Amino acid sequence: MSIKQQREVQIRSDNDIVATRRTVRAVAQSLGFGITDVTRIVTATSELARNVVLYAGSGVMRWRELGMSGRVGVELTLEDNGPGIADIEQVMQEGYTTSGGLGLGLPGTKRLMDEFEIASEIGKGTRITVRKWRR
Ligand SMILES: Nc1ncnc2c1ncn2[C@@H]1O[C@H](COP(=O)(O)OP(=O)(O)O)[C@@H](O)[C@H]1O
Ligand SMILES: [Mg+2]
């Protein structure tokens with residue numbers, strides 16, 4: 001697999017979460033992120049992919065390399081056409097869950113990454129974009 005070609009991973013099942021993790025790990029390593037940041041990026045993406053399967057059923061993960069004014073980074077976008085999120089402030093609170101989970105996925109992801117953006121519309125879906133910059 002050439003990671004330069006695979007810029008999109010369809011997410012429909014737990015197996016696809018594994019594929020998403022594998023892709024993101026390869027991308028982050030190839031961009032020169034250190035082992036700790038690679039783990040952070042993989043963990044964050046994994047949580048978002050899990051949410052896609054759990055709450056939306058299916059979706060897609062896209063990634064791209066960022067290069068801005070000498071900085072190198074990675075951007076990951078998780079998008080689904082699921083039920084959407086009514087109250088974004090609420091779901092960003094630690095411990096808030098509608099599935100009996102831990103409610104740490106979204107706040108944890110925000111903490112692990114440098115930038116975090118949510119766009120969601122009820123009945124339309126959710127798009128979460130995260131970025132990490134190489135130190
Ligand atoms: N892609 C999504 N579509 C709809 N709702 C979502 C999505 N991702 C997260 N949520 C909502 O946000 C809540 C918090 O998510 P998270 O922090 O990952 O905790 P958990 O998955 O353990 O519940 C979820 O319980 C769910 O209600
Ligand atoms: Mg979760």
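Trainee: Which helix gives the most to the lining of the largest pocket?
Mentor: Helix 2, with 9 residues. Helices (H or I, at least four residues) and strands (E, at least two) are DSSP runs numbered from the N terminus. This is a predicted model, where local features need pLDDT of at least 70 and side-chain atom pairs pLDDT 80 or more, while totals for chains, interfaces and linings use all residues. Residues count from 1 along each chain as written, chains are lettered from A and ligands numbered from 1 in written order, and side-chain values use heavy atoms, without hydrogens or water.

Trainee: What volume does the largest pocket have?
Mentor: About 700 Å³. A pocket is an open set of points on a 1 Å grid where a 1.4 Å probe fits, with protein on both sides within 12 Å along at least five of seven lines; lining residues have an atom within 4 Å of a point.

Trainee: Which lining residues are closest to its centre?
Mentor: Of the 34 in the lining, Asn 51, Tyr 55, Val 91, Thr 98 and Leu 106. Elements giving two or more lining residues are helix 2 (35-56), strand 3 (71-80), helix 3 (88-91), helix 4 (105-112) and strand 5 (125-133).

Trainee: Switching topic, where does ligand 1 sit?
Mentor: In the largest pocket.

Trainee: And which residues come nearest to ligand 1?
Mentor: Asn 51, Tyr 55, Thr 97, Thr 98 and Leu 106, out of 18 around ligand 1. Here a residue counts if one of its heavy atoms lies within 4 Å.

Trainee: Which helix supplies the largest share of that shell?
Mentor: Helix 4, with 3 residues. Helix 2 also supplies at least two.

Trainee: What lies 2.5 Å from an oxygen atom of ligand 1?
Mentor: A polar side-chain atom of Thr 97.

Trainee: Which backbone atoms are 2.8 Å from a ligand 1 oxygen?
Mentor: A polar backbone atom of Gly 103, and one of Leu 106.

Methods
Points joined across faces, edges and corners; volume = space filled by probe spheres on them. Polar contact = N/O pair within 3.5 Å; in protein donor to acceptor, adjacent residues only side chain to side chain. Sits in = over half its atoms within 2 Å of the grid points.
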